[in-house]
There are 2 protein chains.
Amino acid sequence: MPKTLDFYFDFSSPYAYLASTQIDALATDLGRQVQWFPILLGPMFQAMGSAPLVDIPLKGAYARHDFSRTALLFGIDYREPDEFPIATVAAARAAWFLRSQDMALAGEFSRKVLQAYFADQQDIRDTAVLASIAESVGADSQAMLQAMQTDAIKGMLKEAVSGAMERGVFGSPFIFIDNEGFWGFDRLPHIRMWAAANPA
Amino acid sequence: MPKTLDFYFDFSSPYAYLASTQIDALATDLGRQVQWFPILLGPMFQAMGSAPLVDIPLKGAYARHDFSRTALLFGIDYREPDEFPIATVAAARAAWFLRSQDMALAGEFSRKVLQAYFADQQDIRDTAVLASIAESVGADSQAMLQAMQTDAIKGMLKEAVSGAMERGVFGSPFIFIDNEGFWGFDRLPHIRMWAAANPA
């Protein structure tokens, strides 16, 4: 079994969306498999006494500009959602259900949900939107919608969030290669450099 | 007169130190001149309700690790100062005095002060340390120490901080190319990409 690249992300994170368009290519180059970890930033912001980036004075306006500028510089399709940030618990539970079945499927679904929100102005809180994306990747959307209501799937997400915090995750995207953690889209080149200096 | 690359920084900012080792090469490649803007982050953190990076739960430990890891990946000499962060008002006033005489001199001094603090364990609050660095770059250290006590130089730094905030600066390093602002060492490659897409 190949080693992993563990990709922690919140579905409401623009930099996670940007990174989601490049993480597979990075993993392939490094001979690793992406493990998708949908999480929620809310509990982490509480622990830090922080807030969503765009709600912070001075930094918020810069961040909005940097999202679209970074997308432009890297040739990634991006349009700021009309409503942002949003609650992403439904999307995260959906992804955890798919992950419990098949990691690659969960990855494909996650990439498409991020794109739906950050490029295509879709409301990813809407379970009909999530179901439609699930079907587009060949998943059983009815089973998914039912599973999202179960304690098993809700518990899986909760455990993922607390596990992430134990591992030191406090933002999105947060990527581990072996046990080395990197925060942010801007750390993808650092991961490449780190891997070159620390062969598996 | 060539166009500028405006480099805002606090002398207690590790990422500003890392950037200071590369900003001249970047400016040369882009056919620009670095304008050095020593500022103080304190008033900006107050405006944002924020705190020094390393004082933030979860994020602080990551940041300390990322400072040295980033330095290592980019081949930059770095050793975390025993005391960090520190007050940098003396260093900033010294740099503003030199800047009022000669921009290149202020740049050389600023780079050396950052290196003294982040690589050589020197206490850059100490005016003797600042005077010694001033002499090493060929400046009149006595004139500098006297000027640092004057309202003229104190006012210069104050105006620089408020001018920076008006321009949208909230962190360090913060770099403007034309009127496009970029925050962080990790944005140096973005500046390069932006300049390629927006020729002067």
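The entries below go from ground rules to the whole chain, then to single places and the pairing of the chains.

**Entry 1: ground rules**

I am working with a predicted model, in which local features need pLDDT of at least 70 and side-chain atom pairs count only at pLDDT 80 or more, while totals for chains, interfaces and linings use all residues. I number residues from 1 along each chain as its sequence is written, with chains lettered from A and ligands numbered from 1 in the order in which they are written.

**Entry 2: chain A as a whole**

I looked up the elements of chain A and found 10 helices and four strands. Helices here are DSSP runs of H or I with at least four residues, strands are runs of E with at least two, and both are numbered from the N terminus. From that end, I read the order β-α-α-β-α-α-α-α-α-α-α-β-β-α. The radius of gyration of chain A is 16 Å, close to the 16 Å that the globule rule gives for 200 residues, so chain A is as compact as a globular protein of that length. That radius is taken over C-alpha atoms, and the rule is 2.2 Å times the number of residues to the power 0.38. Along its principal axes, the C-alpha trace of chain A spans about 45 × 45 × 35 Å.

Next I checked burial: 42% of the 200 residues of chain A count as buried. Buried requires 20 or more other C-beta atoms within 10 Å of a residue's own, exposed 12 or fewer, and partly exposed lies in between, with C-beta atoms placed from the backbone. I also looked at contacts, meaning residue pairs whose C-beta atoms, placed from the backbone, lie within 7 Å. Among contacts in chain A with a separation of 6 or more, 71% come from residues 24 or more positions apart.

I followed α6 of chain A, which covers residues 103–118. Its 16 residues reach 22 Å from first C-alpha to last, close to the 22 Å expected at 1.5 Å a residue; the expected span is 1.5 Å times one less than the number of residues. The buried residues of α6(A) include Phe109(A), Val113(A), Leu114(A) and Tyr117(A). I found the buried residues of this helix packing against α1 (14–20), β2 (33–38), α5 (89–101) and α7 (127–136) of chain A.

Which residues touch the most other members of the largest nonpolar core? Of its 60 residues, they are Phe7(A), Ile39(A), Ala94(A), Ala95(A) and Val113(A). Such a core is a set of buried Ala, Val, Leu, Ile, Met, Phe, Trp, Tyr and Cys residues joined through C-beta atoms within 7 Å. Setting aside neighbours within four places in sequence, I see Val113(A) in contact with Phe11(A), Ala91(A), Ile124(A), Leu130(A) and Ile133(A). A second, separate core has 59 residues, including Phe9(B) and Ile191(B).

**Entry 3: one residue in chain B**

I picked Leu157(B), in helix α9 (residues 151–166) of chain B. Is Leu157(B) buried or exposed? It is buried, because 20 other C-beta atoms lie within 10 Å. Pro38(B) is 119 residues from Leu157(B) in sequence, and their C-alpha atoms are 7.6 Å apart.

I noted a cis peptide bond from Phe84(A) to Pro85(A), with omega near -10 degrees. Pro85(A) sits in the loop between α4 (59–73) and α5 of chain A. Asp178(A), which is not a glycine, has a positive phi of about 50 degrees. I located Asp178(A) in the loop between β3 (174–177) and β4 (180–183) of chain A, and it counts as partly exposed because it has 14 C-beta neighbours inside 10 Å.

**Entry 4: how the chains pair**

I superposed chain B on chain A with a rotation of 180 degrees and 0.0 Å of shift along the axis, giving an RMSD of 0.0 Å. The two copies are thus related as by a two-fold rotation axis. Superposition is by least squares on C-alpha atoms of residues with pLDDT of at least 70 in both copies. In chain B, the C-alpha nearest the axis belongs to Asp186(B), at 3.1 Å.

The contact takes 18 residues from chain B and 18 residues from chain A. On the side of chain B that touches chain A, α4(B) gives the most, with four residues.

Notes: Two residues are in contact if their C-beta atoms, placed from the backbone, lie within 7 Å.
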